[in-house]
Amino acid sequence: MQTGGDGTANIGAVSTAAALRRTPTWLFVVIVPAVAVIAVVVTNFVSDSPQGTTAGSATAPDTVVIKNFSFSPKPLTVTTGSTITVINDDSTAHTFTANNGAFNTGDVGGGQRGRVTVDRVGTFAYHCEIHPFMTGTARVSP
Ligand SMILES: [Cu+2]
């Protein structure tokens, strides 16, 4: 590999450094994308199973978000037996309380979450006990 025309012997370190310097650019062009492809494939493979749960919770229908003294979505539609997660994005406490008492989170502090399980079918008007002007409707299907 070394052609050193001056006749001096190459010591190991020099020869390695020289080899690195002489590594042709095309080798990087081939290796870098190959490593990138392998990394992507491995990442996809590893994250395949947990993706199902994390992606699902982001758009979970059984979630009520309270923001700016308002519930969403309106109306909320869930199936009976669902556990509804109430996310309070405000800084003050709220409750998620059925007018007829079918469910009630109690106080959910600012930035906190509450949960209720709805096991009755029907359409439930609900409100916040602390701020009665906050209202909504939950439709619970069989
Ligand atoms: Cu409230």
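Where is threonine 80 found? Threonine 80 sits in the loop between strand E3 (76–79) and strand E4 (83–88); strands (E, at least two residues) are DSSP runs, numbered from the N terminus. The model is predicted: local features need pLDDT of at least 70, side-chain atom pairs count only at pLDDT 80 or more, and totals for chains, interfaces and linings use all residues. Residues are numbered from 1 along each chain as its sequence is written.

Threonine 80 is partly exposed, because 13 other C-beta atoms lie within 10 Å (buried means 20 or more, exposed 12 or fewer, partly exposed in between, with C-beta atoms placed from the backbone). Its contacts, not counting residues up to four places away in sequence, are Val118, Asp119, Arg120, Val121, Val140, Ser141 and Pro142; a contact requires C-beta atoms, placed from the backbone, within 7 Å. The C-alpha atoms of threonine 80 and valine 140 are 5.6 Å apart, across 60 residues of chain.

The loop between strand E2 (70–72) and E3 holds proline 73 and proline 75. The peptide bond from serine 72 to proline 73 is cis, with omega near 0°. The bond from lysine 74 to proline 75 is also cis, with omega near -10°.

Asparagine 68 lies in the loop between strand E1 (63–67) and E2. Its phi is positive, near 50°. Asparagine 68 is exposed, because it has 7 C-beta neighbours inside 10 Å.

Mean pLDDT (the predictor's confidence in each residue, from 0 to 100) is 76 for the protein chain, and 58% of its residues reach 70 or more. Where pLDDT is low, predicted coordinates should not be read in detail.

Terms used. Helices (H or I, at least four residues) and strands (E, at least two) are DSSP runs, numbered from the N terminus. Two residues are in contact if their C-beta atoms, placed from the backbone, lie within 7 Å.
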